[in-house]
Amino acid sequence: MSVHTQAIKKITTRNLIAMKQRGEKIAMLTAYDYTTARTLDEAGIDVILVGDSAANVMAGYETTVPMTVDEMIVYAASVVRGTNHALVICDMPFGSYTSPSQGVENAVKIMQRTGCDAVKLEGGIEIADTVRHIIEIGIPVMGHLGLTPQSVHQLGGYGLQAKDEYGAQKLMTDALSLEESGCFGIVLEKIPATLSAAVSQRLSIPTIGIGGGMCDGQVLVVDDMLGKNNGFRPKFLRTYADMHQIIIDAVGRYIDDVKKCDFPGESESY
Ligand code: KIV
């Protein structure tokens with residue numbers, strides 16, 4: 001844990017901007033449940049994102065499209081109950097911010113029912129008005145550009161985004177528009193590292209990369225970085241544990257113990 005974050009009781013969006021200003025990188029991970037959130041918080045993570053990747057990781061859907069506001073509320077409220085130190089951001093799911101008024105209504109619902117600190121929306125200039133309305137009523141917003149999984153059907157897959165000059169210019173324009181609208185940070189997913197470096201340099205708010213090279217911070221899906229999601233090894237992922245194998249081994253030993261009447265023992269009985 002860094003000296004800076006140790007001194008701060010609860011991380012705020014202002015702290016994240018200050019971290020960028022002093023060149024301190026921001027460490028962010030996803031979480032969807034109370035126990036994981038408690039553990040990440042205890043480890044000193046700066047930001048927990050209750051991502052709509054819960055659709056894939058928790059619910060087993062192919063895409064994030066089926067996720068609803070009510071489902072996100074259950075995950076986010078559980079994470080908030082397990083967090084003291086980290087800033088908690090909740091994704092607004094697909095179809096929950098198709099107009100400024102719908103966006104405001106759902107952002108208010110998420111904030112009131114979960115106790116989270118901020119919301120995240122996918123999209124650029126086309127959602128700038130919605131972002132502005134949500135921020136105007138006092139809700140901090142994080143943007144998300146590049147690979148925006150809620151638009152997978154439009155993008156035609158999960159490939160690298162903003163590869164050509166036009167795409168790079170559009171992404172820069174979108175990033176500036178989100179900053180101008182009041183976002184406190186922007187996730188840059190799966191774009192060339194040279195582009196994220198240029199965006200990070202141009203903006204005064206922090207950029208958080210996932211497959212986006214060196215940004216002001218990084219985010220990974222917690223199940224992926226812990227190696228729970230066996231076989232999922234995209235180029236951008238670094239795994240820090242092999243939880244899949246650890247769980248297989250532990251469950252195997254438990255099964256053996258039960259089958260051979262070794263569990264429960266005397267000390268585990270009343
Ligand atoms: O839903 C999610 O987990 C995300 C991250 C991958 C940035 O949006």
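1. In which sense do strand β6 (residues 185–189) and β7 pair, and over how many bridges? They pair in the parallel sense, over four bridges. Two strands count as paired if DSSP finds at least two bridges between them. Helices (H or I, at least four residues) and strands (E, at least two) are DSSP runs, numbered from the N terminus.

2. A word on the source. This is a predicted model: local features need pLDDT of at least 70, side-chain atom pairs count only at pLDDT 80 or more, and totals for chains, interfaces and linings use all residues. Residues are numbered from 1 along each chain as its sequence is written, and side-chain values use heavy atoms, with hydrogens and water left out.

3. Next, the burial of β6. Five of the five residues of β6 are buried, so the strand is largely enclosed by the rest of the structure. Buried means under 20% relative accessible area, exposed means over 50%, and partly exposed is in between (1.4 Å probe, protein chains only). G185, V187 and E189 point one way from β6. I186 and L188 point the other way. Note that E189 is among the buried residues.

4. The partners of β6 deserve a look. Strand β5 (residues 141–146) pairs with β6 in the parallel sense over five bridges. Here M142 stands opposite G185. Towards β7, I186 stands opposite T207, and V187 stands opposite I208.

5. Strand β7 (residues 207–210) sends T207 and G209 one way. I208 and I210 point the other way, and all are buried. β7 also pairs with β8, in the parallel sense, over two bridges. In that pairing G209 stands opposite Q218.

6. Q218 leads on to the largest pocket. Which residues lie nearest its centre? They are Q218, V219, L220, F236 and Y240, out of a lining of 34 residues. β1 (26–30), α3 (34–43), β8 (217–220) and α11 (222–225) each give two or more residues to this lining. The volume of the pocket is about 850 Å³. A pocket is an open set of points on a 1 Å grid over the protein atoms alone where a 1.4 Å probe fits, with protein on both sides within 12 Å along at least five of seven lines; lining residues have an atom within 4 Å of a point. Grid points are joined across faces, edges and corners, and the volume is the space filled by probe spheres set on the points.

7. What is the make-up of that lining? It divides into 21 nonpolar, seven polar and six charged residues. Ala, Val, Leu, Ile, Met, Phe, Trp, Tyr, Cys and Pro count as nonpolar, Asp, Glu, Lys and Arg as charged, and the others, Gly among them, as polar.

8. Two side-chain contacts with the backbone are listed here. N106 lies in helix α6 (residues 100–114) and is buried, with a relative accessible area of 12%. A polar atom of its side chain lies 2.9 Å from the backbone oxygen of S96. E268 sits in the segment after α12 (243–259) and is partly exposed, at 46% relative accessible area. The side chain of E268 reaches the backbone nitrogen of G265 at 2.8 Å. A polar contact is a pair of N or O atoms within 3.5 Å; within protein, one must be able to donate a hydrogen and the other to accept it, and residues adjacent in sequence count only if both atoms are side-chain atoms.

9. Most residues other than glycine have a negative phi, and most peptide bonds are trans. A162, in the loop between α8 (152–155) and α9 (165–181), has a positive phi near 50 degrees. A162 counts as buried, at 14% relative accessibility. C261, in the segment after α12, has a positive phi near 60 degrees. Is C261 buried or exposed? At 68% relative accessibility, C261 counts as exposed. A cis peptide bond joins F263 and P264, with omega about 0 degrees. P264 also belongs to the segment after α12.

10. Last, A54. This residue is found in helix α4 (residues 54–57) and is buried, at 0% relative accessible area. T64 is 10 residues from A54 along the chain, and their C-alpha atoms are separated by 7.7 Å.
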